[in-house]
Amino acid sequence: MTYVKFSNPITPPLENTGDTLMTLETHDGIALQGYSFGAETSTAGELVFQTGMVGYPEAITDPSYEGQILVITYPLVGNYGVPDRDLQDEIVNQLPKYFESNRIHVAGLIVAHYTEDYSHYLAKSSLGQWLKEQNVPAIYGVDTRALTKHLRENGSTLGRICLQKKGSSTESALSVDSWTQNFEIPQWVDPNTDNLVAKVSTKEPMFR
């Protein structure tokens with residue numbers, strides 16, 4: 001395949017996340033590489049972006065992002081960690097206090113720069129730990145500015161996050177000509193063909 005854009009990670013791997021590579025491939029011919037900081041699994045969905053400066057816990061638990069791979073445009077993500085997931089809202093039944101719903105809805109997360117070193121009085125864990133708990137893959141080291149510009153000009157597209165195979169050659173994994181041989185590549189998934197309302201709707205009374 002001839003790519004419109006192919007890019008290796010724009011940052012080196014962090015010591016506390018490891019150096020497992022991931023590649024974000026889009027249906028319209030872009031492949032951007034980075035390093036894993038969530039669950040080490042492959043996934044696919046619709047690729048969209050969000051421009052908020054803060055609020056990543058709220059964004060990734062927003063049911064409107066069900067089945068989508070979310071690109072966060074703010075350059076640093078993870079610096080204030082994640083609040084307590086077990087603390088319940090005082091008004092709405094079975095809803096965690098600091099989130100939009102009771103689970104992560106995004107299929108995957110893409111950021112430019114990530115940190116495990118969080119600092120916030122409400123934080124109980126890092127973002128990466130939470131993503132691993134819920135089996136959601138995430139990548140840092142991606143040129144999100146170029147990716148967001150592409151999405152803004154061309155509209156959302158299907159995307160898939162591909163995980164580097166265990167024991168594969170890093171040199172080959174970073175090559176535009178041979179990377180596909182070194183990654184687990186899932187089938188394309190279009191969440192818009194599903195009944196998303198049924199997937200995210202609650203069947204219980206929401207208010208006490």
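Which residues is Tyr-3 in contact with, leaving aside its neighbours within four places in sequence? Select Tyr-3 and find out. The partners are Glu-25, Gly-29, Ile-30, Ala-31, Val-176, Trp-179 and Thr-180. Contact here means heavy atoms within 4.5 Å.

**Before you go on**

This is a predicted model, where local features need pLDDT of at least 70 and side-chain atom pairs count only at pLDDT 80 or more, while totals for chains, interfaces and linings use all residues. Residues are numbered from 1 along each chain as its sequence is written, and side-chain values use heavy atoms, with hydrogens and water left out.

**Stop 1: Tyr-3**

Stay on Tyr-3. It sits in the segment before β1 (5-7). Helices (H or I, at least four residues) and strands (E, at least two) are DSSP runs, numbered from the N terminus. Tyr-3 counts as buried because its relative accessibility is 15%. The scale: buried is under 20% relative accessible area, exposed is over 50%, and partly exposed is in between (1.4 Å probe, protein chains only).

**Stop 2: the whole chain**

Zoom out. The protein chain has 5 helices and 13 strands. Its C-alpha atoms fill a box of roughly 60 × 40 × 30 Å along the principal axes. The radius of gyration is 17 Å, which agrees with the value near 17 Å for a compact globule of 208 residues. That radius is taken over C-alpha atoms, and the globule rule is 2.2 Å times the number of residues to the power 0.38.

Colour by burial. Of the 208 residues, 50% count as buried. The accessible surface comes to about 10400 Å², and 48% of it belongs to carbon and sulfur atoms. These areas come from the Shrake-Rupley method with a 1.4 Å probe; for residues, only the protein chains shown count as cover. Take the contacts between residues at least 6 apart in sequence: 74% of them join residues at least 24 apart.

**Stop 3: the cores**

Select Phe-37, Ile-60, Leu-70, Leu-109, Val-111, Leu-127 and Leu-131. Within the largest nonpolar core, which has 31 residues, these touch the most other members. β3 (30-36), α1 (56-60), β5, α2 (127-133) and β11 (138-140) each give two or more residues to this core. A second, separate core has 15 residues, including Leu-24, Ile-69, Val-71 and Leu-147. A nonpolar core is a set of buried Ala, Val, Leu, Ile, Met, Phe, Trp, Tyr and Cys residues joined through side-chain atoms within 4.5 Å.

Now centre on Ile-60. Beyond its neighbours within four places in sequence, Ile-60 is in contact with Leu-70, Arg-103, Ile-104, His-105, Val-106, Leu-109, Leu-127, Trp-130 and Leu-131.

**Stop 4: the salt bridges**

Side chains of opposite charge can pair when their charged atoms come close. A salt bridge is a side-chain nitrogen of Lys or Arg within 4 Å of a carboxyl oxygen of Asp or Glu. The structure holds 5 of them.

- Arg-160 and Glu-25: their side chains meet at 3.0 Å, N to O. Arg-160 is in strand β12 and Glu-25 in strand β2 (residues 21-26), 135 residues apart. Arg-160 is buried at 12% relative accessible area, and Glu-25 is buried at 4%.
- Glu-66 and Arg-103: this pair also has a distance of 3.0 Å, N to O. Glu-66 lies in the loop between α1 and β5, and Arg-103 in the loop between β7 (82-83) and β8 (108-110), 37 residues apart. Glu-66 counts as buried at 11%, whereas Arg-103 is partly exposed at 30%.
- Arg-85 and Glu-133: the distance is 2.7 Å, N to O. Arg-85 is in the loop between β7 and β8, and Glu-133 is in helix α2, 48 residues apart. Glu-133 is exposed, with a relative accessible area of 54%.

**Stop 5: Thr-157**

Move to strand β12 (residues 157-164), where Thr-157 is found. Thr-157 counts as buried, at 11% relative accessibility. Leaving aside neighbours within four places in sequence, Thr-157 is in contact with Thr-26, His-27, Asp-28, Gly-45, Glu-46, Leu-47 and Leu-151.

**Stop 6: the surface patch**

Show the surface. Select Met-53, Val-54, Tyr-74 and Leu-76: they make a nonpolar patch of about 400 Å². Patches are made of residues with over 30% relative accessible area and no salt bridge; like charges are joined within 9 Å, and nonpolar side chains (Val, Leu, Ile, Met, Phe, Trp, Tyr) within 5 Å. Finish on Tyr-74, in the loop between β5 (68-72) and β6 (76-77). Tyr-74 counts as partly exposed because its relative accessibility is 32%.
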